[in-house]
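Thanks for making time this morning. I would like to walk you through a few places in one model, going slowly enough that you can find each of them on the screen.

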Amino acid sequence: MTMDPFTVSAAQADLERYVGFGVKASGGPGDRAAGAWLEAELRALGFAIERQTFEAPWFEPSIAEIAVDGQVAAVIPQAVVVTTPQDGISAPLVLADVGDRARLKGAIALVSLPHARWSSLVSPVPRQKAQAAFDAGAAAVVLITHGPTGQALALNAPADGPMFPRPAAILAPKAAPPFLAAAARGEVGRLTVAGAGGRREAYNIVARLDRGRERWLVVSTPRSGWFGCAGERGPGVAIWLMLARWAARADLPVNVAFVCNSGHEYENLGAARLLHDAAPKPAQTAFWLHLGANAAARDWHELGGQMTPLPSADPQRYLGVSHSLIDEARRIFAGQPGLEAPYPAAPGAAGELGHIIAAGYPALAGVFGAHRFHHAAADDLRTVEPAHAVQAAIGFRDLIQSALKSL
């Protein structure tokens, strides 16, 4: 009797293992260890393993804080990091959207973002607001990322260099009131971002079962991220493993490639390298499934500023599929929050899926989204429920079979 790969106990073990590696910053110890574990899992299934290496930025802060009148709060240095002097920048705190913009010259500008599940500095609102403050002469910018948890939300950025000429950092909304009040009074604060950084090697995993078929099935997921990434990346990794264990022994009419990317935080750096150099070409690919962020994280109630976990999956996950598979996907994922309403896959999709679509793959599906702790340091095991990953994995298995049935 063969083991069933789609079990809650297996998903639980995989989620705990992935989260246990700690911070998943590209090329860091947690990312490398997670990658080595996944390679070993697929090698044991008979896959041939290839590593595709590239360089990604990194930064480890020795101090990252904002202070005013005895109040001190931690900040997240905005990548690619521009540091302050070791003793910080002391300057008036100024509300960026209030009053004469001339007041921003030489100041530490506080940029309060509207409420959203923020994930990228490339998004127009944070990028334009920060750039406007720097254009007005701000010595530094502190972005306040208002979102579901009140925590600081790290923002993805391009890998090729800093987006701004001077230091930028992110402050948690929960920690912001003393600094907003000080800015309203025109008080001087201090921003300090110091540490070590540079570029280091990261790697994608390309695992292949070449069965001599004409075309390929590709299943992809990222594994890197700013923090522990339990809900952001964990379910995608768990589903990826379940599908690999199934595909390794399934009688499929295709070769099989399972790919796992690093470099996600740097605007999908690893995915872009994979598509350019290592992935099967569109003409060789029968179907590509991408498992992006929030593939199956837990939903929460927000009650008076408190977060209460729910047994259901977070519905802010989006399933994009080729037009010919819309009806089938709707049937397969009926009752699964968010996935039950698939969209036609089209240019402009978020994350790695957007790159895959732009590369011209003819038949594909992908899930992406942002759960309530997306890009927050507290994205830990509380944010996942293994049964959600199992339910989604079974659905994706059925979608793969439907996509390949005409071959």
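Predicted model: local features only at pLDDT ≥ 70, side-chain atom pairs only at ≥ 80, totals over all residues.

Let me start with His371, which, leaving aside its neighbours within four places in sequence, is in contact with Arg117, Gly231, Glu232, Asn294, Ala297, Asp314, Asp379 and Thr383, where contact means heavy atoms within 4.5 Å. Residues are numbered from 1 along each chain as its sequence is written, and side-chain values use heavy atoms, with hydrogens and water left out.

His371 sits in the loop between strand E15 (364–369) and helix H9 (386–404); helices (H or I, at least four residues) and strands (E, at least two) are DSSP runs numbered from the N terminus. Is His371 buried or exposed? His371 has a relative accessible area of 1% and is therefore buried, given that buried means under 20%, exposed over 50%, and partly exposed in between, with a 1.4 Å probe and protein chains only. The side chain of His371 also makes a polar contact of 3.2 Å with that of Asp379, meaning a pair of N or O atoms within 3.5 Å, of which, within protein, one must be able to donate a hydrogen and the other to accept it, and residues adjacent in sequence count only if both atoms are side-chain atoms.

Turning to helix H8 (residues 351–358), its buried residues are Glu352, Leu353, Gly354, Ile356 and Ile357. Just after H8, Gly360 takes a positive phi of about 95 degrees.

Ser62 has a relative accessible area of 55%, so it counts as exposed. Not counting residues up to four places away in sequence, Ser62 touches Gln86, Ala194 and Gly195. Of these, Gly195 is 133 residues from Ser62 in sequence, yet their C-alpha atoms are 4.5 Å apart in space.

Last, please look at helix H2 (residues 29–44), which passes helix H5 in a right-handed crossing, that is, with the near helix turned clockwise from the far one by less than a right angle. The contact is made by Trp37, Leu38, Glu41 and Leu42 of H2 together with Val237, Trp240, Leu241, Ala244 and Arg245 of H5.
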